[in-house]
Amino acid sequence: MPEIKIVTEIAGRICATPVQVGGTVTDGDDVVVVEAMKMEIPVPSPASGTITSLLVKLDDVVAEGQAIAIVAS
């Protein structure tokens, strides 16, 4: 199975992680939610598959372009 890195397009703080390692996602499902400038921005999965690694946790600060999870499609 190919692995796809999911990256955030904005810097901010992780305010929600609605998925867990081993969980399944479909294309467009929210993987994490980033709070930036008092707005909550969901980061969607670009493909359907299984979350093999969650690289961030609640309240982590992330940079633009940072990998946040890996999904095996």
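Select β4 and β5 to start: these strands form a hairpin with 2 residues between them, and Met-37 in the turn has a positive phi of about 55 degrees. Strands here are DSSP runs of E with at least two residues, and helices are runs of H or I with at least four residues, both numbered from the N terminus. The model is predicted, so local features need pLDDT of at least 70 and side-chain atom pairs count only at pLDDT 80 or more, while totals for chains, interfaces and linings use all residues. Residues are numbered from 1 along each chain as its sequence is written, and side-chain values use heavy atoms, with hydrogens and water left out.

**The hairpin and its neighbour**

Keep β4 and β5 selected. They pair in the antiparallel sense over 6 bridges; strands are said to pair if DSSP finds at least two bridges between them. Click Glu-35, which stands opposite Glu-40 in β5.

Colour β4 by burial. Of its 7 residues, 5 are buried, so β4 is largely enclosed by the rest of the structure. Buried means under 20% relative accessible area, exposed means over 50%, and partly exposed is in between (1.4 Å probe, protein chains only).

**The core**

Which residues touch the most other members of the largest nonpolar core? Select Ile-6, Val-31, Val-32 and Ile-68, out of 14 residues in that core. β4 (30–36) and β8 (67–72) each supply at least two residues of this core. A nonpolar core is a set of buried Ala, Val, Leu, Ile, Met, Phe, Trp, Tyr and Cys residues joined through side-chain atoms within 4.5 Å.

Centre on Ile-6. Leaving aside neighbours within four places in sequence, its contacts include Val-31, Val-43, Ser-45, Ile-68 and Val-71. Contact means heavy atoms within 4.5 Å.

Ser-45 is buried, with a relative accessible area of 2%. Beyond four places in sequence, Ser-45 touches Ile-6, Val-25, Thr-26, Asp-27, Gly-28, Asp-29, Val-31 and Val-71. Show the Ser-45 side chain: one of its polar atoms lies 2.6 Å from the backbone oxygen of Ala-47.

Next select Thr-8, in the loop between β1 (3–7) and β2 (12–16). Thr-8 is buried too, with a relative accessible area of 1%. Not counting residues up to four places away in sequence, Thr-8 touches residues including Val-34, Val-43, Val-62, Gly-65 and Ile-68.

Go to Ser-73, in the segment after β8. Is Ser-73 buried or partly exposed? Ser-73 is partly exposed, with a relative accessible area of 34%. Draw a distance from Ser-73 to Thr-24: the two are 49 residues apart along the chain, and their C-alpha atoms are separated by 9.7 Å.

**Zoom out**

Show the whole protein as a cartoon. There are 0 helices and 8 strands. The radius of gyration is 11 Å, close to the 11 Å that the globule rule gives for 73 residues, so the protein is as compact as a globular protein of that length. That radius is taken over C-alpha atoms, and the rule is 2.2 Å times the number of residues to the power 0.38. The C-alpha atoms fill a box of roughly 35 × 20 × 20 Å along the principal axes. Of the 73 residues, 32% count as buried. Among contacts between residues at least 6 apart in sequence, 56% join residues at least 24 apart.

Methods:
A polar contact is a pair of N or O atoms within 3.5 Å; within protein, one must be able to donate a hydrogen and the other to accept it, and residues adjacent in sequence count only if both atoms are side-chain atoms.
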